[in-house]
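Take a look at the chain shown here. Keep it in view while reading the short report below.

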Amino acid sequence: MVIDAGHGGEDGGAVSSAGTVESGLNLAIALRLDTVLALYGVDTVLLRTEDVSLHDPDAQTLRGKKASDLRN
């Protein structure tokens with residue numbers, strides 16, 4: 001099973017009125033889900049284990065970084 005936490009790095013996603021950034025919340029849920037599934041013997045692959053972007057190093061603009069992150 002693949003777990004994708006979504007936003008990461010420069011693209012943090014939405015921010016709540018309390019200041020919680022979507023990427024951090026999603027990552028915390030993904031990590032917890034990974035732990036729970038492991039208890040049941042489910043093999044998982046996490047696309048993100050830290051709050052980083054998965055864009056290619058040659059992507060220069062925010063738009064290019066977002067597109068590259070989605071492809072990767």
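## Basis

This is a predicted model, in which local features need pLDDT of at least 70, side-chain atom pairs count only at pLDDT 80 or more, and totals for chains, interfaces and linings use all residues. Residues are numbered from 1 along each chain as its sequence is written, and side-chain values use heavy atoms, without hydrogens and water.

Helix α2 spans residues 62-71. Helices are DSSP runs of H or I with at least four residues, strands are runs of E with at least two, and both are numbered from the N terminus. Lys65, Ser68 and Asp69 are buried in α2. They lie on the same side of α2 because they cover an arc of only 105° around the axis. That arc is taken from the directions from the helix axis to the C-beta atoms.

Arg63, Leu70 and Arg71, on the other side of α2, are exposed. Buried means under 20% relative accessible area, exposed over 50%, and partly exposed in between (1.4 Å probe, protein chains only).

## Tyr40

Tyr40 sits in the loop between α1 (22-39) and β2 (45-46). Tyr40 counts as exposed, at 69% relative accessibility.

## Asp51

Asp51 belongs to the loop between β2 and α2. Its relative accessibility is 39%, so Asp51 counts as partly exposed.

Glu10 is 41 residues away along the chain, yet the C-alpha atoms of Asp51 and Glu10 are separated by 9.0 Å. Leaving aside neighbours within four places in sequence, Asp51 is in contact with His7, Gly8, Gly9, Ser23 and Leu27. Contact means heavy atoms within 4.5 Å.
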